[in-house]
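Student: I have a model open on my screen and would like to learn how to read it. Could you take me through it feature by feature?

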Amino acid sequence: MALSKDDRRRSLPDVQAFDAATANVDDIVAALIVAGGCVLKGAVAQDDLAQIEKDTRICILGDKAWGGDFFPKETKRVMGLIGKSPTFTRAIVQSPLAVAAAEKILTSTYSCWVGDEWKTFVSKPQLNNTIIFSIAPGARNQELHRDDMIHHNPVRQRTAADYKIGDDTGVGYFVAGKKATKDNGVTRFIPGSHLWGQTTPPDESLTFYAEIEAGDAFLFLSSCYHGGSANKTADQERLMYSCFYTKGFLRQEENQYLSAPFEAIKGKYDQPTLELLGYNLSPPFMGWVEMKHPLEFLTGTESFKDLY
Ligand SMILES: O=C(O)CCC(=O)C(=O)O
Ligand SMILES: [Fe+2]
């Protein structure tokens, strides 16, 4: 049975904050299962933030207002960051803690019979999208939403104890490029809302503003209600560097092969990075080219893992 609003208000879980330098991934995953989101302090170095800004400020300035109503007109975005900023890729997309948490939550292990053999296949997560969100003064709240709508995820009403690894289709990793506050539009979310059924609407009165300093991160499950917030300041930019991870066999939200074609990134990234970007197989069989691993197809090297 669906919970009443008052029940939900009373049972809002605490949002935990961890020190990124010392945090243990299992504690982070446990905190996500309870609250749907957590803060990682000191996740990205200040000089990496400065380099990302150098790589992308011109694109922020060049973005045009969104035509529909998903974003306020004051929000500017930059996408395709794999091609635009190797520092973004290394410092954010490849963050060891974010990737480790995504691996715990999104790795899929599947077993089935093939003839008389019980086979087990392991599919690792991949990058889903890369976006910078710059929210200028005057912006309204973005509507609360679940990012797993892209994957048509029918979230079941459940408790944290009932949460099953595999239920979520994505994990979001948002890093503040500048101090992000309730006043300037920090991401707000509803703690515990990843446990609400598909038809339970978001409730603005239950939101938690995940305020973070420049270089801190907010990590959250795609099934959690969240949104960018109103920028009520006169002169502050709310600058967030974000990416999502998704399961290895789902379609990537941002088409990595078209937003940063292989020719443009060739020689810039090592094999684990390329695999995370999507140049990988999800066993069994998903993602081959000419029945080959994509990197074997692209490089002619034969040392990649089998399709099956
Ligand atoms: O800007 C933010 O804080 C959140 C943006 C967001 O959730 C989205 O565009 O899906
Ligand atoms: Fe979102």
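Student: Which pocket does the space taken by ligand 1 form?

Tutor: This is a predicted model, where local features need pLDDT of at least 70, side-chain atom pairs count only at pLDDT 80 or more, and totals for chains, interfaces and linings use all residues. Residues are numbered from 1 along each chain as written, chains are lettered from A and ligands numbered from 1 in written order, and side-chain values use heavy atoms, without hydrogens and water. The space that ligand 1 takes is the second largest pocket.

Student: Which residues surround ligand 1?

Tutor: Being near means having a heavy atom within 4 Å. Around ligand 1 you will find Phe70, Phe71, Phe133, Gln142, His145, Asp147, Phe174, Thr187, His226, Gly228 and Arg238.

Student: Which side chains make polar contacts with oxygen atoms of ligand 1?

Tutor: A polar contact is a pair of N or O atoms within 3.5 Å. Here, polar side-chain atoms of His226 and Arg238 each lie 2.8 Å from an oxygen atom of ligand 1, and for Gln142 the distance is 3.2 Å. Taken alone, ligand 1 exposes 300 Å², of which the protein buries 94% (Shrake-Rupley method, 1.4 Å probe).

Student: Why does the pair Asp147 and His226 tie together parts that are apart in sequence?

Tutor: Asp147 lies in the loop between β6 (126-135) and β7 (170-176), and His226 in strand β11 (residues 226-227), so the pair links parts 79 residues apart in sequence. Strands are DSSP E runs of at least two residues, numbered from the N terminus.

Technical notes
Polar contact = N/O pair within 3.5 Å; in protein donor to acceptor, adjacent residues only side chain to side chain. 1 Å grid on protein atoms, 1.4 Å probe; cavity = no way out; pocket = protein on both sides within 12 Å on 5 of 7 lines; lining within 4 Å. Sits in = over half its atoms within 2 Å of the grid points. Helix = DSSP H or I, 4+ residues; strand = E, 2+ residues; numbered from the N terminus.
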